[in-house]
Amino acid sequence: MSVAEEFLARSRYWLTKEYPIKLRHCVEALPVQAVWSRPNSTSNSVGNLLVHLTGNVTEWILGGVGGGQITRYRAGEFAQQEGADARQLLDNLETVLREADAVLGALTESDLDRTLVIQERQTTVLSAVYHVVEHFSMHTGQIILLTKMYAPGKIHFYEDAGGLARPTWHRGTSLDEAPH
């Protein structure tokens, strides 16, 4: 497998498997009232973050990389104070992630060098994909932290055994074993 193929395969894995599975665990653990709660006036809620991730993947992958026509009101993703329940928000995000996976699955090594403009910034397909994965990781971490605040002890993703952190987040999913 080439480096480009590995990059795309790992990006698709993170966006369609590990991050959504962890988010699903969080959503299922959260009390209903916590979804749109903000720890303080300058922080986002889990609801805001799920809406924002959906918008980001839509703009950067479906629109930017995939060339689709999209409309996004980014500021509204953070201004929103209420909306759908967490499961619906996650279902919406997973629908967009499946569409993004199809775009990523069709890319070739030569596509990664292609230049494009997203949010008035010149970038490449490779950089856009990298941005989406790292951005998704950061906000997944925020949602995990908020879940641990609002539902203490309800989520646990790793078992420390013999000095190693063994993943437990994939239990009950179609993944037999988390990749390294």
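Start where two helices (DSSP runs of H or I, at least four residues, numbered from the N terminus) cross: the crossing of α2 and α4 is left-handed, that is, the near helix is turned anticlockwise from the far one by less than a right angle. Before moving on, note that this is a predicted model, where local features need pLDDT of at least 70, side-chain atom pairs count only at pLDDT 80 or more, and totals for chains, interfaces and linings use all residues. Residues are numbered from 1 along each chain as its sequence is written, and side-chain values use heavy atoms, leaving out hydrogens and water.

Now select residues 46-65 for α2 and 86-105 for α4: they pack at about 20°, with axes 9 Å apart. Axes are lines fitted to C-alpha atoms over the stretch in contact, and angles run from 0 to 180 degrees between N-to-C directions. The two helices are therefore roughly parallel (angles under 35 degrees; over 145 counts as roughly antiparallel, 65 to 115 as roughly perpendicular, the rest as oblique).

Next, click I61. Leaving aside neighbours within four places in sequence, I61 is in contact (heavy atoms within 4.5 Å) with N56, G66, A100, V103, L104, V129 and V132.

How do α1 and α4 pack, and at what angle? Their angle is about 175°, with axes 10 Å apart, so α1 and α4 are roughly antiparallel. To see where they meet, show residues including L8, R12 and L15 in α1 and A86, R87 and L90 in α4.
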